[in-house]
Amino acid sequence: MLVLALDSATAACSVALWENGVLHAHRLAVMARGQAEALIPMVETVMKRAGLGFADLDLIATTVGPGTFTGIRIGLAAVRGLALATGLPIAGVTTTEAVAAAIPEAERHGRAVLVALDSKRDDPWAQAFAADLTPLSPPAALTPLAVAALASGPAIVAGDAADRILPLMNDAVAAATPGHPDAAVVAALGARHWRNGTALPPHPLYLRPADVTLPAAPFP
Amino acid sequence: MVILGIESSCDETAAAVVDGDRTIRAQVVLSQLEEHRPYGGIVPEIAARAHLDHADRLVAQAMDRAGLEFADLDGIAATAGPGLIGGVMVGATLGKAIALAAGKPFIAVNHLEGHALTARLTDDLDFPYLLLLVSGGHCQILAVLGVGSYRRLGATVDDAAGEAFDKVAKMLGLGYPGGPLVEAAAAKGDPGRFTLPRPMKGRPGCDFSFSGLKNAVRLLVEDLPHPVSDRDAADIAAAFQAAVTDSIADRVTHAVRRFRADWPAGRALVTAGGVAANGALRAALTGLAEKEGLDFVAPPLGLCTDNAAMIAWAGVERLRLGLTDTLDFAPRPRWPLDPGARKLGGAGIKA
């Protein structure tokens with residue numbers, strides 16, 4: 001299964017072309033902003049490097065969040081545009097699972113996996129997984145203490161907000177893997193979820209409503 | 001030549017297919033009015049979310065109605081600014097992705113150029129012409145000299161005209177959006193009962209100002225019994241609409257004289273933007289143009305307010321000249337049509 005995967009949901013931007021465990025082409029750049037400029041040219045580069053056309057693809061995989069609202073939208077607008085023009089299906093995965101799945105199996109062994117991603121607020125986006133990546137909690141915005149409490153035994157903590165969780169835990173180690181998703185991992189996860197029928201639709205996982213308050217009456 | 005256009009810079013998500021023979025093959029517009037109404041104005045994050053939820057479906061619908069495949073297109077044009085950047089990014093990214101996957105040129109369209117060139121889509125107008133662009137986010141007068149070639153003759157130094165309509169509607173308890181609601185109330189009101197200032201009237205130049213008028217309405221409303229009665233609301237709406245119309249007509253008269261002096265070949269006064277839908281303003285501009293010996297061109301209302309046909313048409317105009325854009329084009333929250341124009345405050349800074 002030939003999969004084109006994209007991620008721009010957090011502080012990075014990446015694209016991968018993956019086929020049954022083989023990475024044909026891959027681009028990743030760490031960036032807090034600028035994905036609206038970088039993402040589509042990255043797709044173009046990756047397709048060219050692999051010498052493949054969109055007609056050769058079987059699936060488009062993407063992260064759906066949680067992450068920055070703008071980044072989530074750029075990624076989803078991109079995959080929806082690609083899918084519309086090619087007729088390809090889209091498999092969505094969470095950023096938290098993508099960050100967890102990047103940790104080598106040997107490092108996860110015997111430990112719960114906690115992922116904490118920067119949400120630009122006090123409460124990071126967080127999710128807990130078993131060592132085999134079975135979710136133990138849904139992705140949610142939680143206080144660092146609540147994130148730490150998601151694991152009762154030994155844990156490995158990943159994500160760009162891991163530094164805020166680790167000091168609160170007794171038996172936890174920091175993951176050596178990057179704190180952001182990588183499209184190479186998103187591709188593998190997307191393919192698996194697609195086969196298992198567990199892929200998410202290409203809908204944004206914001207986890208937080210738009211930050212607005214209803215206006216007061218103009219005159220009391 | 002057939003171009004797909006995508007618009008997502010404010011509170012309308014739209015897609016359209018337009019060809020080089022000035023035919024709109026299909027167009028769909030989805031207003032987000034109901035999403036924003038509770039807040040009495042446009043909330044950027046809500047707008048951006050709604051654009052993502054609907055933009056691809058609207059593109060599919062427009063293509064379907066036009067009976068075309070992406071392979072049949074000559075290019076994909078998308079609004080790349082100015083506007084609410086979260087929404088602009090959605091439409092521009094969608095357009096880039098389609099362009100890449102379909103192997104077609106991408107055209108990054110300035111939303112204001114879409115408005116500015118609409119009269120060539122609807123009326124096949126020749127350059128140069130004089131354009132009054134009045135909307136919720138913009139208020140300016142431009143000499144339209146060619147594709148990508150504009151001279152700004154005047155712009156607002158504070159609020160956009162449409163912004164003033166929205167704020168006055170809010171003060172009068174009329175609801176949102178203000179333009180049509182103020183106009184409806186004004187139709188039942190007496191414009192002579194209250195006296196309001198005519199901002200900038202008689203001053204040299206062509207700049208606008210609406211914040212003083214808005215404050216004058218505020219002071220007036222504060223002195224009235226609350227809630228404001230229908231009678232009072234109608235009379236204030238009528239007085240406000242008359243003041244805005246007078247002020248704009250004065251500014252446009254100055255602009256017409258300067259335009260005729262500098263570009264004597266110009267034959268037409270064109271209006272665009274949501275506020276151009278206002279009947280009183282249209283009537284005043286019609287009379288003004290007649291007096292000054294210019295043709296008055298006002299595109300149909302659906303092409304005055306935000307739409308994607310104008311974006312697709314701007315794409316046609318630009319692609320004809322070989323003006324395409326790379327896929328790393330950065331969406332722009334601000335994007336003046338006349339980069340040489342002096343900097344102004346208020347809504348003028350965006351455009």
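**View 1. The charged end of B:Arg49 over rings of chain A.** In this predicted model, B:Arg49 lies over the face of A:Phe69, at 4.7 Å from the ring centre. The ring of A:Tyr206 also has the charged end of B:Arg49 over it, 3.8 Å from its centre.

View 2. Beyond its neighbours within four places in sequence, A:Leu4 is in contact with A:Val15, A:Ala16, A:Leu17, A:Val43, A:Met47, A:Phe54, A:Leu57, A:Leu59, A:Ile60, A:Ala61 and A:Leu82. In soluble globular proteins, nonpolar side chains tend to be buried together.

**View 3. The aromatic pair of B:Phe259 and B:Trp263.** Over all chains, the structure holds 6 aromatic pairs. One of them joins B:Phe259 and B:Trp263 in a tilted arrangement, with 5.9 Å centre to centre and 35° between the planes. B:Phe259 counts as buried because its relative accessibility is 0%, and buried means under 20%.

**View 4. The aromatic pair of B:Phe329 and B:Trp335.** The rings of B:Phe329 and B:Trp335 form a tilted pair, 5.6 Å centre to centre, with 35° between the planes. Both residues, B:Phe329 and B:Trp335, are buried.

Notes: Residues numbered from 1 in each chain as written. Chains lettered and ligands numbered in written order. Predicted model: local features only at pLDDT ≥ 70, side-chain atom pairs only at ≥ 80, totals over all residues. Heavy atoms only, no water. Contact = heavy atoms within 4.5 Å. Phe/Tyr/Trp six-rings, centres within 6.5 Å; stacked < 30°, edge-to-face > 60°. Buried < 20%, exposed > 50% of the residue type's maximum accessible area, 1.4 Å probe, protein only. Lys NZ or Arg CZ within 6 Å of the ring centre and 35° of its normal.
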